[in-house]
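Thank you all for coming.

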Amino acid sequence: MKHLYYLMSLMLCVQFAVAQSTVTGNVTDDQGVPLPGATILEVGTSNGTTTDFDGNYSITVQDGASISASFVGYETASTLVAGQDQINFSLDQGNQLEEVIVTSLGIKREKQALGYAVSEVSNESIEQRAEGDIGRVLTGKASGVQITNQSGLSGSGTSIVIRGFNSFSQGNQPLFIVDGIPFSSETNNQGSFVDGNNGSSRFLDIDPNNIESVSVLKGLAAATLYGTQGRNGVILITTKSGSSSSGEAKKNEITINSSYFNVEFASMPDYQNQYGNGFDQSFGWFFSNWGPSFDEGGPAGWGGQSSINGTSSGTPGFLRHPFTTASSATGIPQVLDALGIAPDALYEWKPYDSVGQFFRTGHVFSNNVNLRGASSDGSVNYNINYGNLEDVGFTPGNSVNRNTLSFGGNAKLSNNFNVGGTLNFTQTKFRTPPVAANYGSNVSGEGASVFANVFYTPRSVDLMGLPFQNPVDGSSIYYRQNNSIQNPRWTVNNAANIQNTNRVFGGANVTYGLSDNLTASYRYGIDVYSENNINYANKGGKTGSIVNRNGLYETWNNTKSIYNHNLTLSGDFDIDDFGVTFNVGVDSRSDTFDQNGTRSTGQQVYNVLRHFNFEQQDEIQYLEKRNIVGAFAQTELDYNRWIYLTLAARKDWVSNLSEENRSIIYPSASASFIPTSAFPEIKSDFLSLLKVRAGYGTSANFPLGYPIAATLNLDTQSFIKNGNYVISNTSGSVLGNPNLKPERIDEIEVGIEGRFFSNRLSLDLSIYNKKTNDLIIDRPLDPSTGYTTTQTNIGLIENKGVELDLAMDWIQSNDGINWTTSLNWSTNDAIVIDLGDDTDKIVYAGFGTLGNAAIPGESLGTIIGSSITRNSSIENFRWLPGDRIVNNQGSYDATFEPTIIGDANPDWIANISNSISYKNLNFSFLLNYQQGGDIFTYTVATLLGRGLTTDTLDRELSFILPGVNSNGQQNGKQINNSTFYFSNVLYGPDEMLVYDASHWRLGEISLSYSLPQSMIENTPFGNISITASGFNLFYNAYNTPEGTNFDPNIAGVGIGNGRGFDFLNGPSAKRYGASLKLTF
Amino acid sequence: MKYTKYILGLCLSAVLVLASCETTDLDLTDNPNALSPSQADASFFLNSIQVDFAFWVNTMGDRGGELTRINYMNGRNYNTIYSPDSWNGVWSSAYRGMLEDIRLMNLLADEAGLTYQRGMGKVFQAYILLTLVDYFGDIPYSEALQGAEGILNPVADSGQSVYSAAIATLDSAVADFNAGGSANNDFFYNGDASKWIKAANSIKKKALLNTGDYAGYNAITNYISSPSDDFQFNWGTSPATPDTRHPLYRSNYTSTGGDEYMSNWMMFNMINGHAGNTDPRINYYFYRQVGETPGFDSAENEEVLECGLTGYYVPPQLRGDDTPFCAPTNAASKPASGYWGRDHGNDNGTPPDGFLRTIRGVYPAGGIYDDRSFEGQVDGAGLAGAGVTPVMLSSWMHFMNAEVAVSTGGDPTSETLTALEQALGKVDEIGGPSLSADDISAYVAAFTSEWNAAGSTADKLDLWATEYFISMVGNGIDAYNSYRRNGYPRSLQPNVEPDPGQFPLTQYYPANYINTNKNATQRGSKSDRVFWNSNGPTNLK
């Protein structure tokens, strides 16, 4: 800390002497009811406090200052301090916009001063939730924020996108700032989405129960001071430990939150129980379920099947047990004895509830203890928080265990110094069976996937009743005669992805009051985590590469560190009716990602997971380091507190670009005007408050990695010749581009905020237009250039959107019923305007011919894939109007040039929450709705294509595909069920797998009861409340086949820029339970 | 302003705070995760080029073999099989991988006088360019590999000019080998320059044959004419880290059985052989996991071989004595003896037959010799993958000599018989019991009797081509060329689809070429002809 020394010595050489006095008092509403949590501010400074549970406060201010009291939904009152030591405030209900909210760099500002939109989410909406992941808890709570789960696995990743994608080659996830400290929120997947990409989003390391409040800075004008890091919006989190500020509540308080929830499989398909395993109504040990009926008679009855009607088994209605007839090379017939299966064992032909029994009821058990307190004079205060989460998912083998410990404190020293700090320690253990992309037939990649073979288990296969493990060698065994399906139960028991993370984050800050109006502050932040990854598969698996089948063990550590220095000088001046505040400062941030580990292949002894037990070893190593230095300035001017102007600028320098391209400066300006303050005469019963605002913001986006470097690959194990490893060089595939420069993002936003009908209705509307210029594109190159990609700046994308927040107090009464409804609605249109001259399409996620593509004039999020051939031509990747062509077999042919087959962007999303309270009872629920947006789903296609759900019951007739034949006549060719569902719906053109993802969801519902004060008066408790709640209890994606119960809230290609894909990546979860909150 | 000095002081301290910290180092542009190009080593380049070449030839040869029924092809429609996307890997491996590595190696080789290494690079380079032209027609050449100089959209050169350049490269390779030098990491000829010269000349001969330059062809006499000079790559047995096994072994020997179907046409011809003599190579090429074929010589079994059911619909073009259907036999009454693969074009789903269907044998995949043990085979069986990928064999040279003889009005008999004898002698080279001279001469005699009985040159060419194709197992590149050049054999099994469309005379360009290079245009159909094939046969099936 030697640097700090210079700073402090510099500051200490300046002496100030100002008379101060301490004022105490209480804050009540106009009925005399205490207002806990009201804000007391020394006017014109950032000195402030909040009232305690009984509405009491204590603040030390300079003589002659004014102090103001404010509270959400009430008019602010202020009084001059002239020697009184007690000032009580009684606040009139009124103007909610005067609330103070945290903006960038922790600067607290009145909401009415802001020229841009900020969404605030309070702790009541965050704590006691069944999800331990703050990203998921925020779902539906702020407009303009789209949150997608990677899957329903506990601990799986979560994607957060604010106001659409700024870029398709760079990250679009927002910046997390926790207590002023940059917080790493990335998702370190294990592998690619094809081979399995489990990994938690690292904001899982925050306990939502330790959060005091969340501000979401959506626009660039709001985030300018964060520089490039803030370009995708900022999630500002204030923890309980970080929220303590000097002069706060004297009362020591302990809060305990304890919750228990059940976790269940929410998207269970409606399986049919009429037909079993086979194809074309004939029995066989196939993957598919197009076999005979479970009825004996009828054209599809099992009576006509020699394998079931007793001809081969001797007993009608029974098959020979699949293990007795398996190929001898599977090793199964040889171990029948050990399995306890007789050579003539029979197997009943009937439906089994395999999928239902495979999944279990998991649980969440969450406990959080918070202690806060202060010295008697309020000058020193502290907060300690401990949280424990045990989240056992509904998928066997999946769990999250988390311990969080957090300290925060703040002291106001007598010599004008304020010092504070927070320190958080988190230990998160995430474990899951492997999940990988699947096309409805085993896995497609090198590994295994637990979901790969569960959902399409044929109805007549008894997944839970058959042994899954060879008792001699431990390998997977299953019903198919050549044992070519890896048993999902074996996968659960023999393969896993594990991430054990230890994380420390926190920081220290020192603030020095240079004068009444001028403050210098320095903040140092660290965030370091060590993520210990394990990926293993015992030998004996039956899918993926031979490496996977012979046993694989990978261990590696990801150490991520962020070090951040920030030095700011702030000033606040009032000159007559004008107010001026400013902040200038410098900021440096260093990010290092250091990955080290070992990959071992060729397991020797089954189930021993140590590297010595493996034949070969290979290295896992990657290092990435990047520094960003920024300088910033911001000033805010106001006139009479009814018109505000904020000007800001930041310049960033980054370390991984060539010197001439490494810096960029970006300004912002925003203004706010409050007509109801300027012209009070327009206020009426109808209009209580009106604010209009406008902002212009800019930001920049720097590339990650080492995009300008020329590289050469070296592989020390490229082959083996004469018993020796062959060492090879091969040229790098990326063409380094020294001319690469940052992307530049510009945004204009305007908004209107108002309160109507005596504050009963509030409205906040934002409209924005955001453009990203000089897009950094991973431009694919023709390999004949000698390279396959280069990063370059071309093109332009534009996001246009509207966000609307409405809240209505339908019924307000002091001790009767209160009913509030709030709605947030947002829409975002992201359009690719230009990609330069050399390209007309860039596929940035997925595969080359099936993925998300950027195409000029089209939505960013466009899904491309093969489509049904038509008798018209394709222009700009879209078919001109024309008939679909049915081929000679009666099926559709796929184009092999990809065309546009969907758009993953929803038309709009809306969330409605309702809160109804009566006395100590509160009932609330949150509905989420998404209109439009497409999803390409193998879950739906597989369930239909393999004949499993009730949607496929009507199968004994023939099908005729709509379209024309090759002669242009109406198609009349009849096809059977398997040709229709299997060859067209599942394995037909990609277009056949696209469904509209519109859905509604009962996101949250809760009923809580606070024990009346009278009942607990004589107990040590200050407050006791119990809550019963449920999450994701119902949803309906009404444009997907009903029997599939598909949940489109899934990020099948992982937490990146790919959207609208599902490769059987996992079902969704529902959670319900109860929680208890005690304070004393 | 009275605060000015404080502000200045703060800025000064800010500089102090930040300047000395490692958080403010702004020169972090070198990638620590790779070498820089200046650290390259010529012999390391040569290593990766040779291994990449083996994989590449295997992939291209596999597809050539599928089109010519040496291998089974899955696809009823000639236009939709082998999509542009499916060629991305070989296109990238050719240019971004091998050709670029050869260019970079040559820079180092020129400096250090490594003529032998440079000669090897040139042989690979020429073979790659010729093959790319054979499959795609016009391709980038003169503007290729100059991305670093800013040429990001290289234009294509005519196939003819690329052929000329490749032939000149082969001549220059011969000059390099004649300049002396050696390489201790030569995986093909272990440092023998004279064999490399023969290989270069042989590749040149095949190029000249394609272009119809028979005089030029015959003028080259120092080529691979004896099996000891065969140009081939030997695979290893390591299953992982790295996997060195023959790619065909990997897809036939797995813990859940075979993952590739054998070509019924190929097995049909080998079972029938000549004059009642089964081709003795069949036990080397194929391994039967069972001794009986359901529906042919054992009970029907819909679960594993649906087309063997009585009354199963047989497409009309497959009803005849000269073509197999379902198994390598043309009538349900004839035994198939445990052999079954798939018919050309069959795109049905996969039943659980991994341990039942016929899989590849000891040659060339490095699997197991068929000793009638009839057991399901898993990975590790037989030679564990230590097979070969032939690039140019002496038998093929003699087969080509026979074609040139026909084209120049000569007698193809002696060259065909030499070729056949060498091809038969090849199969026991890497494993399995040795094939006795008696078996070879008996089969050659049976062939000769049919050859002599053949009434016309065309009939002889059917016999010639069938044997040529059988010898090309493991690499069908030249089979695809030969079939387009002369249209033999006429007895190839038709596609199971009665109307599969035009047989592909070229392939669609790779998607990663068309979609990224603004000077590239996808061809309208696969009926375009390669420059040397403009007068080729039109009745290909």
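What we are looking at is a predicted model, in which local features need pLDDT of at least 70 and side-chain atom pairs count only at pLDDT 80 or more, while totals for chains, interfaces and linings use all residues. Residues are numbered from 1 along each chain as its sequence is written, chains are lettered from A and ligands numbered from 1 in the order in which they are written, and side-chain values use heavy atoms, with hydrogens and water left out.

Let me start with chain B as a whole. Chain B has 16 helices and six strands, where helices (H or I, at least four residues) and strands (E, at least two) are DSSP runs numbered from the N terminus. The C-alpha trace of this chain spans about 110 × 55 × 45 Å along its principal axes. Of the 541 residues in chain B, 62% are buried; buried means under 20% relative accessible area, exposed means over 50%, and partly exposed lies in between, with a 1.4 Å probe and protein chains only.

Next, the helix packing in chain B. Helix H4 (residues 115–136) and helix H5 (residues 159–178) of chain B pack at an angle of about 160°, with their axes 8 Å apart. Axes here are lines fitted to C-alpha atoms, for helices over the stretch in contact, and angles run from 0 to 180 degrees between N-to-C directions. H4(B) and H5(B) are therefore roughly antiparallel to each other, given that angles under 35 degrees count as roughly parallel, over 145 as roughly antiparallel, 65 to 115 as roughly perpendicular and the rest as oblique. The crossing of H4(B) and H5(B) is left-handed, a term used if the near helix is turned anticlockwise from the far one by less than a right angle, with right-handed used if clockwise. In the contact of H4(B) with H5(B), the residues divide into 13 nonpolar, six polar and four charged; Ala, Val, Leu, Ile, Met, Phe, Trp, Tyr, Cys and Pro count as nonpolar, Asp, Glu, Lys and Arg as charged, and the others, Gly among them, as polar.

For helix H11 (residues 394–407) and helix H14 (residues 457–471) of chain B, the axes come within 10 Å and cross at roughly 160°. That angle makes H11(B) roughly antiparallel to H14(B), and their crossing is left-handed. Helix H12 (residues 413–426) and helix H13 (residues 437–453) of chain B pack at about 150°, their axes 10 Å apart, which makes H12(B) roughly antiparallel to H13(B). The crossing of H12(B) and H13(B), however, is right-handed.

How many disulfides does a search of the whole structure find? Over all chains there is one, a disulfide being a pair of cysteine sulfur atoms within 2.5 Å. The partners are B:Cys307 and B:Cys326, with their sulfur atoms 2.1 Å apart. The torsion about their S-S bond is about 75°, so the disulfide is right-handed. Both B:Cys307 and B:Cys326 lie in the loop between strand E4 (286–287) and strand E5 (359–360) of chain B, so the pair ties together parts that are 19 residues apart in sequence. B:Cys307 is buried, as is B:Cys326.

B:His246, in the loop between strand E3 (231–234) and helix H8 (247–252), is buried, with a relative accessible area of 0%. Its side chain makes a polar contact with the side chain of B:Thr389 at 3.3 Å; such a contact is a pair of N or O atoms within 3.5 Å, where within protein one must be able to donate a hydrogen and the other to accept it, and residues adjacent in sequence count only if both atoms are side-chain atoms. A cis peptide bond joins B:Tyr363 and B:Pro364, with omega about 0°, and another joins B:Tyr488 and B:Pro489, with omega about -5°.

Finally, chain A. A:Asn416 has a positive phi of about 75° although it is not a glycine, and this residue lies in the loop between strand E22 (399–412) and strand E23 (417–432). At 32% relative accessibility, A:Asn416 counts as partly exposed. A:Asn442, also not a glycine, has a positive phi of about 55°, but A:Asn442 is buried, with a relative accessible area of 11%.
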